[in-house]
There are 2 protein chains.
Amino acid sequence: MKSSLKKSLFIKSMLVLLLLVNTVFASDLLPSWNDTAPKQAIIAFVEEATKPDSRNFVPVEERIATFDNDGTLWTEQPLPFQCYFLFDRIKALAPQHPEWISKDPFASVLKGDMNSALAGGMSALTEMIIATQSGITTDEFEKLVTDWITTARHPQTKRLFTEMVFQPMLELLAYLRANGFKTYLVSGGSSDFMRPWVEKVYGIVPEQVIGSSLKTNFELRNGIPVILSMPELNFISAGNGKPVGIQSHVGRRQIASFGNSDNDLPMMQWTAAGSKARFCLYVHHTDAEREWAYDRKSSDPFDKGLDEALAKGWTVVDMKNDWKIIYPFEKK
Amino acid sequence: MKSSLKKSLFIKSMLVLLLLVNTVFASDLLPSWNDTAPKQAIIAFVEEATKPDSRNFVPVEERIATFDNDGTLWTEQPLPFQCYFLFDRIKALAPQHPEWISKDPFASVLKGDMNSALAGGMSALTEMIIATQSGITTDEFEKLVTDWITTARHPQTKRLFTEMVFQPMLELLAYLRANGFKTYLVSGGSSDFMRPWVEKVYGIVPEQVIGSSLKTNFELRNGIPVILSMPELNFISAGNGKPVGIQSHVGRRQIASFGNSDNDLPMMQWTAAGSKARFCLYVHHTDAEREWAYDRKSSDPFDKGLDEALAKGWTVVDMKNDWKIIYPFEKK
């Protein structure tokens, strides 16, 4: 068979298969969503973006969707989960740092007073991150995270943290990918903290993770190359840093964004200001029984973002009413 | 039809199609390569990495290949092509900067003495980049690059710069992608200078471009969000910066790297030190008639890299003997 003929047959078969896939996925890929406005808005957006005869059709290579992590893809209460990793690292390293006993924020962590440890805000957090995540190679850090994430448990539910992901959002990620979207994680957390496990848990590959980071250096140690993290912040992927990180990493504007706080508002604004099909969705934590209920007055508030979402008609998920289940372990 | 049955049919059809594609591509995707050692080494590596029963098999999601740009995918003589863009921007902006007439490196550029302009090395280059690429939004800069790259011509060949790409390397990029590889551009040039055209020219999507950059800020201008570049270096993607940029951007180690100078050596070392199938290839500029001939004593030398390639048995392409044609316009 001539190779041009083979290629043309290949392309035609692919198109037929893509159509087949589309019909499969639209009908049954969001089973944990109630048939309320958010689910309808998601499906309407995906059809608008992907139907070739749509006025707002988006070519497949431009279908970029960006997701916040804490509070959007998994629970962030009573504290964002990376904090527990930090605290556990501080406890593990304390014997090598006798000075921590009397030096905050470390002293508070060692006393188990996590709220005092975090009272210093971003500067205390940065100090703890640098103390526990620098001076270590990328390979060593990956192993620490992998060991922790497979064993550490939530202080209240006693579940693995990776069990506390939102089942409806897992379905949404898969639904978008089935429609040709690239799904990116854009989180204030450290990219090195997320990359070791998000592929397995969210189906998001490491190269589609945008997070905060320390500076790193490349060096040869006895002829063996290593990449070593330095005690200096490189990038903070929060607030205005989110669209900045997306532009720097992806180089084109996302057409859909998903978040849950004011920290995600610049990412939403950047999305909404583009042309063709657009979609912004906020997860509103309204379910004190099955998860947590908080918004305008939380430590990471959903306040200006909620106002702007309501004013601009963005989609707001009411967790209590729009989601049949919250976590995968509720599945029957 | 039940959806699980549909999915299983879909997966089976995909597998058949993938086999079909493999047989097509292995036979005819490298037509501009002579049947010498480098072509044989490339094919042997790809088979080793992709055959499921191979001892060094690499799963598709780990098939990351990184390519230098200047001198590896297109010509870099007499100067790396981004320099001509810089010079043209300086000439265009000169009326707004009367002080440039007597201030180097700008004065030398305006006199047409490009070698003097670049005599100040990295600090002169940085000064010119900041003067011409900062204070401008990403959308505006993209338009400037797109206008320039479609009209500016090489000072000696009078061809569009994008005509001076290496045909054998275009074939190699396509061959790797056909075998499930993600192809990344890892260049000392600005990512914002490359992203507007590399998808069309190399088939490399913007999110797979890792380059040097200025810091950027997100802001609202009369309610419209913009991303604005600042007069401050963010990252230099050269030398040790290459593996650092790859780790930061991709989050996993590439299995194949392609370069042409000592600037690419850390990227090669990082590649070679990983496990499973590995491949490092250097392009050696040996063809003064069809392109240029230079190595150990050029301004961006291929010296330590050449020694290490020879010592470690990496693949070195002798352009004169291994490539049937250099540029696409030589095709009959």
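Searching the whole of this predicted model turns up two cavities of 30 Å³ or more. The largest cavity holds about 50 Å³ of space. What lines the largest cavity? Chain A supplies A:K182, A:Y184, A:E207, A:Q208 and A:H249, and chain B supplies B:K182, B:Y184, B:E207, B:Q208 and B:H249. Two elements give two or more residues each to that lining: β2 (182-190) of chain A and β2 (182-190) of chain B. Sorted by class, the lining of the largest cavity has four charged, four polar and two nonpolar residues.

Now for the helices. Two packed helices are described by the angle between their axes and the distance between the axes.

| Helix pair | Angle between axes | Axis distance |
|---|---|---|
| α3(A) (residues 81-93) and α6(A) (residues 121-133) | about 55° | 10 Å |
| α3(A) and α7(A) (residues 138-149) | roughly 110° | within 11 Å |
| α7(A) and α9(A) (residues 191-202) | roughly 60° | within 9 Å |

Let's start with α3(A) and α6(A), whose axes make an angle of about 55°. That angle makes α3(A) oblique to α6(A), and their crossing is left-handed. On the α3(A) side, the contact is made by A:Q82, A:F85, A:L86, A:F87, A:R89, A:I90 and A:L93, while α6(A) brings A:L125, A:M128, A:I129, A:A131, A:T132 and A:Q133. By class, this contact of α3(A) with α6(A) has nine nonpolar residues, three polar ones and one charged one.

Helix α3(A) also packs with α7(A), and here the axes cross at roughly 110°. Because of that angle, α3(A) counts as roughly perpendicular to α7(A). Is the crossing of α3(A) and α7(A) left-handed or right-handed? The crossing of this pair is right-handed. From α3(A), the residues in the contact are A:F81, A:Y84, A:F85, A:D88 and A:R89; from α7(A), they are A:F141, A:L144, A:V145 and A:W148. Seven of the residues in the contact of α3(A) with α7(A) are nonpolar and two are charged, with no polar ones.

A:F85 and A:R89 turn up in the α3(A) contact with α6(A), and A:F85 and A:R89 also turn up in the α3(A) contact with α7(A).

The last pair in the table is α7(A) with α9(A), crossing at roughly 60°. These two helices are therefore oblique to each other, and their crossing is right-handed. Helix α7(A) makes the contact through A:F141, A:E142, A:V145, A:T146, A:W148 and A:I149, and α9(A) through A:D192, A:F193, A:P196 and A:W197. By class, the contact of α7(A) with α9(A) has seven nonpolar, one polar and two charged residues.

**Some backbone details**

Finally, a look at the backbone. Most residues other than glycine have a negative phi, and most peptide bonds are trans.

Where does a cis peptide bond join two residues of chain A? One joins A:D104 and A:P105, with omega about 5°. A:P105 sits in the loop between α3 and α4 (106-111) of chain A. Over in chain B, the peptide bond from B:Q77 to B:P78 is cis, with omega near -5°. B:P78 belongs to the loop between β1 (64-67) and α3 (81-93) of chain B.

A:K158 has a positive phi of about 65°, although A:K158 is not a glycine. A:K158 is found in the loop between α7 and α8 (167-178) of chain A.

Definitions and conventions. Residues are numbered from 1 along each chain as its sequence is written. Chains are lettered from A and ligands numbered from 1 in the order in which they are written. This is a predicted model: local features need pLDDT of at least 70, side-chain atom pairs count only at pLDDT 80 or more; totals for chains, interfaces and linings use all residues. Side-chain values use heavy atoms; hydrogens and water are left out. On a 1 Å grid over the protein atoms alone, a cavity is a set of points where a 1.4 Å probe fits but cannot get out, and a pocket is an open set with protein on both sides within 12 Å along at least five of seven lines; lining residues have an atom within 4 Å of a point. Grid points are joined across faces, edges and corners, and a volume is the space filled by probe spheres set on the points. Helices (H or I, at least four residues) and strands (E, at least two) are DSSP runs, numbered from the N terminus. Ala, Val, Leu, Ile, Met, Phe, Trp, Tyr, Cys and Pro count as nonpolar, Asp, Glu, Lys and Arg as charged, and the others, Gly among them, as polar. Axes are lines fitted to C-alpha atoms, for helices over the stretch in contact, and angles run from 0 to 180 degrees between N-to-C directions. Angles under 35 degrees count as roughly parallel, over 145 as roughly antiparallel, 65 to 115 as roughly perpendicular and the rest as oblique. A crossing is left-handed if the near helix is turned anticlockwise from the far one by less than a right angle, and right-handed if clockwise. Contact means heavy atoms within 4.5 Å.
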